[in-house]
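Could you walk me through this model in the viewer, one selection at a time? Please tell me what to pick next and what is there.

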Amino acid sequence: MELFDKLYNCYYTAARHILEAAASRPVGRQEMEHLCRSYGFQETFLSLIPKLTGGPVPLLKKEKDGFRSVLA
């Protein structure tokens, strides 16, 4: 169970950093990928970014200069 906790904690941590950055300014895809790699695994961005930008409840909305948090 410990491995499961560590794995999903990385996703939550990466998502938190992306949402915090996007709350104050537009964030580009390249920066989101960098944050995913910094706080998660190399491939974290492949599953995390599409869930934050699309799906039934997107937490990031596209603007002309990047993505912004809908929570801010």
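Here is a short tour with a few stops.

This is a predicted model, in which local features need pLDDT of at least 70, side-chain atom pairs count only at pLDDT 80 or more, and totals for chains, interfaces and linings use all residues. Residues are numbered from 1 along each chain as its sequence is written, and side-chain values use heavy atoms, with hydrogens and water left out.

**Stop 1: the pocket.** Select Tyr8, Tyr11, Tyr12, Ala15, Leu48, Lys51, Leu52, Val57 and Leu59, which line the largest pocket. Two elements each give two or more residues to this lining: α1 (2–24) and α3 (44–53). The largest share, 4 residues, comes from α1. Colour by class and you will find 8 nonpolar residues, no polar ones and 1 charged (Ala, Val, Leu, Ile, Met, Phe, Trp, Tyr, Cys and Pro count as nonpolar; Asp, Glu, Lys and Arg as charged; the others, Gly among them, as polar). The volume of the largest pocket is about 160 Å³. On a 1 Å grid over the protein atoms alone, a pocket is an open set of points where a 1.4 Å probe fits, with protein on both sides within 12 Å along at least five of seven lines; lining residues have an atom within 4 Å of a point. Grid points are joined across faces, edges and corners, and the volume is the space filled by probe spheres set on them.

**Stop 2: threonine 44.** Next, pick threonine 44, in helix α3 (helices are DSSP runs of H or I, at least four residues, numbered from the N terminus). Why does threonine 44 count as buried? Because its relative accessibility is 0%, and buried means under 20% relative accessible area with a 1.4 Å probe, protein chains only. Leaving out residues up to four places away in sequence, threonine 44 touches Tyr11 and Cys36 (contact means heavy atoms within 4.5 Å).

**Stop 3: a charge over a ring.** Finally, show lysine 62 and phenylalanine 67: the charged end of lysine 62 sits over the ring, 5.1 Å from its centre (NZ of Lys or CZ of Arg within 6 Å of the ring centre and within 35 degrees of the ring normal).

Definitions and conventions: Buried < 20%, exposed > 50% of the residue type's maximum accessible area, 1.4 Å probe, protein only.
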